[in-house]
Amino acid sequence: MRAVIAEDNPLLRDGISLLLTDHGIDVVGAVDNADGAVAAVYEHRPDVAVLDVRMPPTHTDEGIRAAIRIRTDRPETAVLVFSQWVETSYARQLLADDTARVGYLLKDRIVSTDAFIEALHRLVGGGTVLDPEVVRQLLSAAAIDAGLARLSDREREILGLIAEGRSNVAIAETLHLAGRSVEKHVSAIFTKLDLPAADADNRRVLAVLRYLNTHR
Amino acid sequence: MIRRILLAPVGGRTWREFGYVLASLLPAVPAFALALLGAVAAVLSLFTVGLPLLVGVLLLARVANQAFRWPARIVGWHWPLPPPVRRDQGRLRWARAVLLDGAGWRALLYCFVTLPVTALAAYIAAVSLAVGLAFLTSPIWWWLTPTGFGEIDDPGWAGTWLYVLQAVGVLLVWPWFLRLLVSLDRVLVRALLEPSPDRTRIAELQTSRALLAADAATVLSRLERDLHDGTQARLVSLGVTLGRIRHRVTDPEVRALVAGAQETVADALGELRDIVRGIHPPALDAGLPTAVATLAARSPVPVETAVELTSEPPAATASTLYFSLAELLTNVTRHAGATRARLRLAEAPGCFLLEVTDDGRGGATLDGGGTGLAGLACRAAALDGTLRVDSPPGGPTAVTMTLPKEG
């Protein structure tokens, strides 16, 4: 796997580079600003770009804008955006068109190095990664949608894990449930949300989008 | 003492005061006309039609106050302008405030009385000076003109020295007349144009408080930046290093220790995030509408959000609106027993308006314990805003906060 890193704090930039290298990921570019990140993606065509949200010059949402540009111009590159705090509107902007190969995590999560590396692999494999905190906030607000309001607490919890990009097997492990009962809950969620019985992965994405869209 | 009396005619003060009375005639004449117009408007106000005219006259009287400050600089007088009438509560209230505003009326009264005083002072000064100088030099004139001062009333060359004596008297006395009238004007300025000490003090306090509020907002915002870019980055970096260590060792005991340390770092980061959210919500940097949307999204009770802002409020105002909204939404969840809420952030003339309504059980009061509404009222008052609570028992509850656009 090849990665480009954009992070303006040198300490973190070096730390993440070394961490990725330790795990056999090839860091082909490490820059400190958003424009540099987009340029590096064009030049090196990496599998994944890891971007900090707040970078020079304005220290506001440069990372998000760079991520959106990369997704438009080079959709085959997965994008993982790091934020210093939870901002649901950023998540919405990122996931607006397509949820494949997009991730949005709190910076804190890098500390759980194994989960972080695993998230990168999931992204490059075409998955979605959402920070649990983002999901929690989106979920707590979601009751306005009639379909979402019908969900039980357990179903809500499971939908949260789906939104984080977990598979049924992973969900069963996390909640200490049998795989069969997770499947049952998931199909109950799809029914309550009136999602078409197309392929299962697509329905999972649609369910997540349903959350994100209620508050747009 | 005698020296002072003798030197008064050539003293700098006398000439400055002379310059002052001449210069202040310039604004005094139109100001007098304004005062007359004001009298007409006051009479017409009995039939309502004069009221707008009276408002205009009172506003112009404030402008006249400003104009009178220019000649006053010659004699070294300076006074602060009375604080402007607040215009943040709609046109009618503003007009009413202008009509009830003491500073405008006092300025108008000054417009009326100053012309007689300054005109008299200028007249006396100019005539005394002209006559005094002419008489003082009369022996020379007599000598220069071959026919003397004419045949009828010729005092003779020796007689002109009597004129000189009179001239000396006049020239010695006129500075004191002038000084008397200028002092009278000074008293009038003090009484009618200068803001009263209380008003001045209030204006000073308002300014310093606005500065303090803005400063506090800046400091908190910088603190947030420092914590995120410094402390948070270092903690994350520490966590990453711990992760790399764990990746390299095989001893299960060491791995467990390192994993524990990693968890501690993660906890510290979580606490740091909560602290930062309490002092300066970073979401505010992305603009108040975004921050409000994030708050609403976080609320367990569904919130219908309407943000209608055309301008971004100043930092102190935005932060007050943000924290108040957070508190109000907490109330909705905790006390109201509501199933849904609505929030509206909008602009009214001259102020920002935050409105939170819910369908809960009502009965909220400003002094009710535990709801923090009293604290919110203080927050609003700190920026000259208001908090209104409308919450009959049984609901619904509506809380409205208004904050003026300029402090």
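Predicted model: local features only at pLDDT ≥ 70, side-chain atom pairs only at ≥ 80, totals over all residues.
**A walk through two chains**

Which residues of H8(A) and H10(A) meet? From H8(A) come A:Arg154, A:Glu155, A:Ile158 and A:Leu159, and they meet A:Val182, A:His185, A:Val186, A:Ala188 and A:Ile189 in H10(A). Sorted by class, the residues of this contact are six nonpolar, one polar and two charged.

Now turn to the place where the two chains touch. Chain A brings 28 residues to the contact and chain B brings 32 residues. On the side of chain A that touches chain B, the elements giving two or more residues are helix H1 (10-22), helix H4 (88-95) and helix H6 (132-141) of chain A. H1(A) gives the most, with seven residues. This side of chain A has twelve nonpolar, eleven polar and five charged residues.

For a closer look, find A:Ser112, which sits in the loop between strand E5 (102-106) and helix H5 (113-124) of chain A. Leaving aside residues up to four places away in sequence, A:Ser112 touches B:Gln262 and B:Ala266. Is A:Ser112 buried, partly exposed or exposed? A buried residue needs 20 or more C-beta neighbours and an exposed one has 12 or fewer, so A:Ser112, with 18 inside 10 Å, counts as partly exposed.

Let us cross over to chain B. Twelve helices and five strands make up its list of elements, and 31% of its 407 residues are buried. Of the contacts in chain B with a separation of 6 or more, 72% are between residues 24 or more positions apart.

Helix H2 (residues 12-44) and helix H5 (residues 102-136) of chain B pack at an angle of about 145°, with their axes 7 Å apart. H2(B) passes H5(B) in a left-handed crossing. Among the residues that meet here are B:Phe18, B:Leu25 and B:Phe32 in H2(B), along with B:Leu108, B:Phe112 and B:Leu115 in H5(B). The residues of this contact divide into 18 nonpolar, four polar and no charged.

The strands come next. In general, strands of a sheet pair through backbone hydrogen bonds, either parallel or antiparallel. In chain B, five strands form an open sheet in the order E1-E2-E3-E5-E4, and the pairing is mixed. Strand E1 (303-308) and strand E4 (386-390) of chain B are the edge strands, each pairing on one side only. From one strand to the next, the twist averages 10°.

Inside this sheet, strand E2 (residues 341-348) and strand E3 (residues 351-358) of chain B run antiparallel and are joined by eight bridges. Look for B:Glu347, which stands opposite B:Phe352 in E3(B).

Helices join the sheet too. Helix H10 (residues 288-298) of chain B packs on the sheet and touches E1 and E2 of chain B, with a direction that makes about 175° with that of E1(B). Helix H11 (residues 315-336) of chain B lies across E1, E2, E3 and strand E5 (397-404) of chain B, and runs at about 10° to E3(B).

Technical notes. Residues numbered from 1 in each chain as written. Chains lettered and ligands numbered in written order. Helix = DSSP H or I, 4+ residues; strand = E, 2+ residues; numbered from the N terminus. Contact = placed C-beta atoms within 7 Å. Axes fitted to C-alpha atoms, helices over the stretch in contact; angles between N-to-C directions. Left-handed = near helix turned anticlockwise from the far one by under 90°. Nonpolar A, V, L, I, M, F, W, Y, C, P; charged D, E, K, R; others polar. Pairing = 2+ DSSP bridges.
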